[in-house]
Amino acid sequence: MKTKTILSLCLCLGFMPLLHSEQQETPPIEKRGPRVQKDGERGGQRPQGVIEYLKKLKENDPEEFNRLEKLRAEDPQAFRNELRKNAWGRKENGRSRYGNQPHPLQAEILKVQMAKTEAEKAEAIAELRLKVSERVEINLEEREEAIEKIRNKLKQLEEQNEQERIRREEIIDHHLERILENLPPPPTNE
């Protein structure tokens, strides 16, 4: 009798979550994945990157921070567009996303923007292309140097490994001697 009661109770308890889950609505799945931190002012959620960006902006450029906060309150879509634009470093003043320094090719970019005729524009683009080409070449040379350093290190490790393979027995004997020298005395049964 007890076995049947316990079995019935277990079955009922086993089906309870299924019955309960049918009564509750399933929450919608977020399209962009889970948000990290709550925004206390509006109750919405912001990704951690946006929160960090706004904190830095508040410290480094309070005017811009206040402008964005005002924009957020008045026009949330325009606020999001500004965030996207700033995240890619395309501010009106030509500053890059790598800090407050102007883009390294800002002068050449400005010449392209300010060209009045097609000939001036073509010449400015050619000059910009030359500067971009120079920067790409510098990057490639730096990478080649890094690759060469890695090759040299790999060659050195391979040589070291080969030497140790030749001296394998000697190395084993050396380690064995050190272990045996440092053995503690056997325990005494006194």
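In this structure, Tyr53, Leu54, Leu57, Lys58, Glu59 and Asn60 of helix α2 meet Pro62, Glu64, Phe65, Leu68 and Glu69 of helix α3, where contact means heavy atoms within 4.5 Å. The residues of this contact divide into six nonpolar, one polar and four charged; here Ala, Val, Leu, Ile, Met, Phe, Trp, Tyr, Cys and Pro count as nonpolar, Asp, Glu, Lys and Arg as charged, and the others, Gly among them, as polar.

This is a predicted model, in which local features need pLDDT of at least 70 and side-chain atom pairs count only at pLDDT 80 or more, while totals for chains, interfaces and linings use all residues. Residues are numbered from 1 along each chain as its sequence is written, and side-chain values use heavy atoms, with hydrogens and water left out.

The protein has seven helices and two strands, and along the sequence they follow the pattern α-β-β-α-α-α-α-α-α. Helices (H or I, at least four residues) and strands (E, at least two) are DSSP runs, numbered from the N terminus. Of the 190 residues in the protein, 12% are buried, a term for under 20% relative accessible area, with exposed meaning over 50% and partly exposed in between (1.4 Å probe, protein chains only).

The table sets out the two helices, with the expected span being 1.5 Å times one less than the number of residues.

| Helix | Number of residues | Distance between end C-alpha atoms | Expected span |
|---|---|---|---|
| α3 | 13 residues | 18 Å | 18 Å |

In α2, the buried residues are Ile51, Leu54 and Leu57. Seen down the axis of α2, they fall within an arc of 130 degrees, so they line one face of the helix; the arc is that of the directions from the helix axis to the C-beta atoms. On the other side of α2, Lys56, Glu59 and Asn60 are exposed.

In α3, the buried residues are Glu64, Phe65, Leu68, Glu69, Leu71 and Arg72. Around the axis they cover an arc of only 160 degrees, which puts them on the same side of α3, whereas Glu63, Lys70, Ala73 and Glu74 are exposed on the other side.

A further residue, Glu82, is found in helix α4 (residues 76-87), and Glu82 counts as buried because its relative accessibility is 14%. Leaving aside neighbours within four places in sequence, Glu82 is in contact with Glu64, Arg67, Leu68 and Leu71.
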